[in-house]
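The report below walks through a structure step by step, from the shape of one chain to the contact between two. Please keep the sequence and the 3D view at hand while reading.

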Amino acid sequence: MEQFAPVKRKDGQPVRYLIVDDSVFARKNLTRMIESFGGQVAGEAGDGCTAITEYERTSPDIVLMDITMPQMEGIEAAERIVRSHPNARIVMVSSVGYQDNIVAALQRGARHFVQKPVKPDVLYEVIKYVLGEDASVANAAGAGA
Amino acid sequence: MRMELIQPFINAADAVLADSLQSPTSIGHLSMDEEAYRRKGVAARIAVSGDIEGRIIFDVDPKTAMRVASRFAGEELPESNDLICETVCELANQVIGNAVTTLNDQGFHFRVHPPEVHTSEHGDKSSEDTEALVMCIETGSGKVFMNVAMRYNRRQQGEKAVAAGQ
């Protein structure tokens with residue numbers, strides 16, 4: 001996979017991600033991408049309820065959240081997390097990207113939306129945007145981004 | 001089934017598979033089927049509900065699914081039933097999600113349910129209202145079959161018409 005200039009937290013530590021998707025396959029795919037960005041998986045969840053528990057347990061820097069999942073869907077989980085943690089950075093990652101869905105996710109506290117199939121360079125830019133000044137990008141020399 | 005419902009599925013399958021596999025795809029045989037669905041390989045079934053209701057079955061033979069999984073992983077993966085099912089479900093999810101996105105933006109409102117592995121040899125028999133479109137997509141990694149059976153939800157359309165008239 002293409003390598004990107006590592007995105008680090010301001011304290012120089014790797015950005016920690018919570019990956020939420022009911023597909024193990026999709027979680028593995030996202031894990032490979034965030035590792036290529038210099039990030040670290042803090043936790044994983046396969047449904048919205050587990051995502052809330054895992055958020056409390058791991059306090060990640062960013063959540064990558066699918067929408068269509070069993071038990072509790074991603075938009076509701078995002079809303080509940082943001083209600084308890086207003087500074088939570090949640091990026092919705094879904095194949096269902098119609099306008100109403102995106103607006104609903106943003107209104108309930110998600111910071112951004114990425115449509116599947118996820119392109120690594122698109123996710124990389126979204127992560128940098130969502131982290132804003134709380135992150136720094138290491139020297140890009142030799143990186144593929 | 002009307003072309004306005006079919007075309008987004010054809011476009012989404014073509015785009016998602018070409019993008020995911022980084023190789024050109026071509027739409028092979030297209031036909032309408034009123035017979036019960038016969039599974040060809042490992043199949044994922046996704047139900048949709050809303051203005052239009054029905055189901056889509058995404059069917060891939062195991063060897064093709066393994067090639068797709070290895071292509072996604074960037075390395076040769078050992079054959080595993082779980083991985084094959086996961087690959088088929090995720091591909092189905094992406095293709096159908098993209099098609100539903102297009103249809104929603106055209107004014108049809110759907111809900112997509114999570115994919116389920118379709119294990120029975122035969123599926124639901126389609127009816128006059130839900131004749132199925134069967135399509136074969138040729139990819140560099142093998143053939144992928146999609147079976148789409150959907151119909152307009154008359155009850156919901158009736159309720160909308162009543163609401164609009166009030």
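Predicted model: local features only at pLDDT ≥ 70, side-chain atom pairs only at ≥ 80, totals over all residues.

Helices and strands are here DSSP runs, a helix being H or I over at least four residues and a strand being E over at least two, and both are numbered from the N terminus. Residues are numbered from 1 along each chain as its sequence is written, chains are lettered from A and ligands numbered from 1 in the order in which they are written, and side-chain values use heavy atoms, with hydrogens and water left out.

**Chain A as a whole**

Chain A has five helices and seven strands, and read from the N terminus these follow the order β-β-α-β-α-β-α-β-α-β-α-β. The radius of gyration (taken over C-alpha atoms) is compared with a globule rule of 2.2 Å times the number of residues to the power 0.38. Chain A has a radius of gyration of 14 Å, close to the 15 Å that this rule gives for 145 residues, so chain A is as compact as a globular protein of that length. Its C-alpha trace spans about 45 × 30 × 25 Å along the principal axes.

A residue is called buried under 20% relative accessible area, exposed over 50% and partly exposed in between, using a 1.4 Å probe and protein chains only. Of the 145 residues in chain A, 50% are buried. A contact means heavy atoms within 4.5 Å; among contacts in chain A between residues at least 6 apart in sequence, 66% join residues at least 24 apart.

**Backbone features and a loop**

Most residues other than glycine have a negative phi, and most peptide bonds are trans. The peptide bond from A:Lys116 to A:Pro117, however, is cis, with omega near -5 degrees. A:Ser59, which is not a glycine, has a positive phi of about 40 degrees; A:Ser59 sits in the loop between α2 (48–58) and β4 of chain A and is partly exposed at 49% relative accessibility. A:Gln71, also not a glycine, has a positive phi of about 70 degrees.

Is A:Gln71 buried or exposed? With a relative accessible area of 70%, A:Gln71 is exposed, and it lies in the loop between β4 and α3 of chain A. A:Met72 is found in the loop between β4 (62–65) and α3 (74–84), but at 7% relative accessibility A:Met72 counts as buried. Leaving out residues up to four places away in sequence, A:Met72 touches several residues, among them A:Cys49, A:Ile52 and A:Arg80.

**Salt bridges**

A salt bridge is a side-chain nitrogen of Lys or Arg within 4 Å of a carboxyl oxygen of Asp or Glu. By this rule there are 14 salt bridges over all chains, and the table gives some of them.

| Pair | N to O distance |
|---|---|
| A:Asp61 and A:Arg9 | 3.3 Å |
| A:Arg80 and A:Glu76 | 2.7 Å |
| A:Glu125 and A:Lys128 | 3.5 Å |
| A:Glu73 and B:Arg111 | 2.7 Å |

A:Asp61 lies in the loop between α2 and β4 and A:Arg9 in strand β1 (residues 7–9), so this pair ties together parts of chain A that are 52 residues apart in sequence. A:Arg80 and A:Glu76, by contrast, are four residues apart in helix α3 of chain A, separated by about one helical turn. A:Glu125 and A:Lys128 both lie in helix α5 of chain A, three residues apart, which is about one turn of the helix.

**Where the chains meet**

The size of an interface is often given as the accessible area lost when the parts come together. Buried area is the accessible area (1.4 Å probe) that two parts lose on being put together, summed over both, and chain B and chain A bury about 1800 Å² between them, 52% of it on carbon and sulfur atoms. The contact takes 25 residues from chain B and 22 residues from chain A. Three salt bridges cross this interface. On the side of chain B that touches chain A, α1 (3–21), α2 (62–73), α3 (81–105) and β5 (110–112) of chain B each supply at least two residues, and the largest share, twelve residues, comes from α3(B).
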